[in-house]
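Here is a short briefing to read alongside the model. Keep the viewer open and follow the topics one by one.

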Amino acid sequence: MKILQVIDTLNAGGAERVFIDMCNILYKNNKDISVLLLLENEGILFAELHKEIPVFKLNRTDKWSLANFKKCYSIIRNFDIIQCHTRHVYKYIAVTRLIFNSKVKVIFQDHSSALLGKIEIGLIKYLIKPEFYISVSSERLNWALKKFNLNSKNIFLLENIIRKKDTELVNDLKHELILVSNFKPNKNNLFAIDLAKKLGKNLLLVGKNQDNEYYDKIKIQAEQSDLISIDSSITETQNVIKASELGLHTSKAETGPIVLIEYLAQRKPFLAYETGEVSKILKPYFPEYF
């Protein structure tokens with residue numbers, strides 16, 4: 001059975017991290033696995049993908065180009081199962097399948113914590129309804145089951161995982177607080193900054209800019225305080241987590257979050273909002289962390 005895992009690019013992020021781990025685990029378990037990247041930019045995490053996994057690159061620049069749809073179809077037609085990570089990736093593959101009347105099985109793995117808009121719901125429910133659906137959150141799984149009237153036999157809960165890294169401190173730098181989270185309003189990074197200032201503790205923010213206006217506010221806060229620092233170059237977060245004393249997680253909505261597992265993997269306590277499937281699993285064991 002030939003399996004194709006599809007994502008747009010492998011920039012730093014929770015869904016991308018899960019994608020890498022899933023592909024590498026499947027390969028090491030002797031599955032016939034390949035990868036399709038929709039965009040030209042491979043992303044900073046691409047180097048962590050096993051070197052022996054075949055990779056196809058669509059190099060898509062125009063989302064609605066018929067030539068790109070044809071190229072995409074020429075790739076997916078050779079596989080038995082297509083697993084799409086994130087909504088916009090699923091929609092592109094589903095539309096490609098619709099245009100060429102392909103019968104290939106497509107799995108939609110939903111990593112998002114945000115609700116779909118009315119137009120998006122209509123599109124997915126009536127035109128490109130998924131036959132197979134995976135969510136990393138039981139709450140989102142139940143929502144999708146009702147919203148899209150899916151067959152309960154074809155929906156699956158697959159909680160986020162990580163692969164523990166054997167890390168070594170590369171220097172003597174030790175942060176009192178660390179927040180591993182990309183920068184956008186939903187992640188509530190500014191609250192973590194306010195908390196650090198109230199406590200008088202230094203805070204390292206690790207993540208990528210996903211909202212320019214919000215990121216500018218974060219940079220201003222960092223420039224105005226010696227307690228706050230930002231590092232967007234870090235991809236192997238478990239190393240820097242090990243060099244910190246306490247992890248933070250301030251996101252208002254989540255499906256994961258895998259960073260909480262990374263904190264525990266490096267034996268670090270954390271303070272977190274109770275958001276996401278991972279929080280639900282961990283809270284009975286570590287109630288004082290939430």
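**Helix H5 and its ends**

Serine 137 caps the N-terminal end of H5, with a side-chain oxygen 3.3 Å from the backbone nitrogen of glutamate 139. Helices (H or I, at least four residues) and strands (E, at least two) are DSSP runs, numbered from the N terminus. Please keep in mind that this is a predicted model, in which local features need pLDDT of at least 70 and side-chain atom pairs count only at pLDDT 80 or more, while totals for chains, interfaces and linings use all residues. Residues are numbered from 1 along each chain as its sequence is written, and side-chain values use heavy atoms, with hydrogens and water left out.

- The buried residues of H5 are Ser138, Arg140, Leu141, Trp143, Ala144 and Phe148; buried means under 20% relative accessible area, exposed over 50%, and partly exposed in between (1.4 Å probe, protein chains only).
- After H5 comes asparagine 149, which has a positive phi, near 55°.

**The seven-stranded sheet**

- An open sheet is built from seven strands in the order S3-S2-S1-S4-S5-S6-S7, with parallel pairing; two strands pair if DSSP finds at least two bridges between them.
- Strand S3 (55-57) and strand S7 (155-157) are the edge strands, each pairing on one side only.
- From one strand to the next, the twist averages 20°.
- H2 packs on this sheet and touches S1, strand S2 (32-37), S3 and S4, and its direction makes about 170° with that of S2. Axes are lines fitted to C-alpha atoms, for helices over the stretch in contact, and angles run from 0 to 180 degrees between N-to-C directions.
- S4 and S5 run parallel and are joined by five bridges. Isoleucine 82 stands opposite valine 106 in S5.

**Nonpolar cores**

- The largest nonpolar core has 32 residues, of which Leu4, Val6, Leu36, Ile76, Ile82, Tyr90 and Ile93 touch the most other members. Such a core is a set of buried Ala, Val, Leu, Ile, Met, Phe, Trp, Tyr and Cys residues joined through side-chain atoms within 4.5 Å.
- Elements that give two or more residues to this core include strand S1 (2-7), helix H2 (66-76), strand S4 (81-85) and helix H3 (87-99). H3 provides the largest share of this core, six residues.
- Apart from this core lies another one of 15 residues, among them Val206, Val259, Leu260 and Leu282.
- Leaving aside neighbours within four places in sequence, tyrosine 90 is in contact (heavy atoms within 4.5 Å) with Cys84, Val106, Phe108, Ile124, Ile128, Lys129 and Pro130.

**Cysteines**

- The disulfide count is zero, where a disulfide is a pair of cysteine sulfur atoms within 2.5 Å.
- For cysteine 23, the nearest cysteine sulfur is that of cysteine 84, 12 Å away. Cysteine 23 counts as buried, at 0% relative accessibility.

**Around strand S11**

- Strand S8 (residues 175-180) pairs with S11 in the parallel sense over four bridges, and histidine 175 has serine 244 as its bridge partner in S11.
- S11 also runs parallel to strand S12 (residues 270-272), with three bridges joining them. Leucine 248 stands opposite leucine 271 in S12.
- Glutamate 254 sits in the loop between strand S11 (244-249) and helix H9 (258-265), and counts as buried at 17% relative accessibility.
- The side chain of glutamate 254 makes polar contacts with the side chains of lysine 187 (2.6 Å) and serine 251 (3.2 Å). A polar contact is a pair of N or O atoms within 3.5 Å; within protein, one must be able to donate a hydrogen and the other to accept it, and residues adjacent in sequence count only if both atoms are side-chain atoms.
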